[in-house]
Amino acid sequence: MKFTRRANANWKGTGMEGKGTISTQSTTLDNAQLSFKTRFDQGVGTNPEELIAAAHSGCFTMQLSFLLSEAGFVPEDLDTTAKVTFEDGTITLIQLELNGKVPGISEEDFQKTAQKAKEICPISKLLNTEITLAVTLS
């Protein structure tokens, strides 16, 4: 399977005083605001690190669901938080925190499957940073 997805960013002005927007092909983001404040402070809008966190948590969680299904388990609930750490101009760490409810799976099998999902998730493979995973099975 091969496909291409697209997004568009537009910026006007300097890095600190300027403003921008970002839109996605699906229009889930449609001229969403980007600015210095949305990235480095608490402004309204989004930022690249938040978008990476969203992409990574979504990709990892879907990958885990596929792996669990292949192993004969039907996940009742998989909830992943991705925390992206930006430090001195570099993304230095992504922490994935998974809480899952999967009937019939052992803690050991769930841990192993989650680790495999982290390793083979396309977004994990793309990112050149430390990625940690904390797993809770309820």
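Helices here are DSSP runs of H or I with at least four residues, strands are DSSP runs of E with at least two, and both are numbered from the N terminus. The model is predicted, so local features need pLDDT of at least 70 and side-chain atom pairs count only at pLDDT 80 or more, while totals for chains, interfaces and linings use all residues. Residues are numbered from 1 along each chain as its sequence is written, and side-chain values use heavy atoms, with hydrogens and water left out.

**Whole view**

Start with the whole protein in cartoon. There are 4 helices and 6 strands. Trace them from the N terminus: the order is β-β-β-α-α-β-β-α-α-β. The C-alpha trace spans about 55 × 30 × 25 Å along its principal axes.

Now show the surface. The protein exposes about 8,900 Å², and carbon and sulfur atoms supply 52% of that area. Accessible areas come from the Shrake-Rupley method with a 1.4 Å probe; for residues, only the protein chains shown count as cover. Of the 138 residues, 32% are buried. Buried means under 20% relative accessible area, exposed means over 50%, and partly exposed lies in between (1.4 Å probe, protein chains only).

Next, contacts, meaning heavy atoms within 4.5 Å. Take those between residues at least 6 apart in sequence: 49% of them join residues at least 24 apart.

**Stop 1: Asn31**

Select Asn31. It sits in the loop between strand S2 (19–24) and strand S3 (32–35). Most residues other than glycine have a negative phi. Asn31 is partly exposed, with a relative accessible area of 48%.

**Stop 2: helix H2**

Select residues 48–70, which form helix H2. Its 23 residues should span 33 Å at 1.5 Å a residue, and its end C-alpha atoms are 33 Å apart, which agrees. The expected span is 1.5 Å times one less than the number of residues.

Colour the buried residues of H2; among them are Ala53, His56, Phe60, Leu64 and Leu67. Which elements do the buried residues of H2 pack against? They pack against H1, S4, S5, H3, helix H4 (122–126) and strand S6 (130–137).

Stay in H2 and pick Gln63. Gln63 is buried, at 18% relative accessible area. Leave aside neighbours within four places in sequence, and Gln63 is in contact with Ala117, Ile120, Cys121 and Pro122.

**Stop 3: charges**

Show the charged side chains: 13 are positive and 17 negative, and the centres of the two sets lie 9 Å apart. Lys and Arg count as positive and Asp and Glu as negative; His and the chain ends are not counted. Each charge is placed at NZ of Lys, CZ of Arg, CG of Asp or CD of Glu.

Side chains of opposite charge can pair when their charged atoms come close. A salt bridge is a side-chain nitrogen of Lys or Arg within 4 Å of a carboxyl oxygen of Asp or Glu. How many salt bridges does a search of the whole structure find? It finds 4.

Zoom to Arg39 and Glu49, a salt bridge of 2.5 Å, N to O. The pair links distant parts of the chain: Arg39 is in helix H1 (residues 36–40), Glu49 is in H2, and they are 10 residues apart. Is Glu49 buried or exposed? Glu49 is buried, at 10% relative accessible area, while Arg39 is partly exposed at 35%.

Move to Glu76 and Lys101, paired at 3.2 Å, N to O. Glu76 is in the loop between H2 and strand S4 (77–87), and Lys101 is in strand S5 (residues 90–101), 25 residues apart. Glu76 is exposed at 52% relative accessibility. Lys101 is partly exposed at 40%.

Then select Glu108 and Lys112, whose closest N and O atoms are 3.0 Å apart in a salt bridge. Both lie in helix H3 (residues 107–120), 4 residues apart, about one turn of the helix. Lys112 is exposed, at 52% relative accessibility.

**Stop 4**

Pick Lys83 in strand S4. Lys83 is partly exposed at 38% relative accessibility. Not counting residues up to four places away in sequence, Lys83 touches Leu93, Ile94, Gln95 and Glu97. Draw a distance from Lys83 to Glu108: 24 Å, C-alpha to C-alpha, for residues 25 apart in sequence.

Finish at Asp88, in the loop between S4 and S5. Asp88 has a positive phi of about 50° although it is not a glycine. Asp88 is exposed, with a relative accessible area of 77%.
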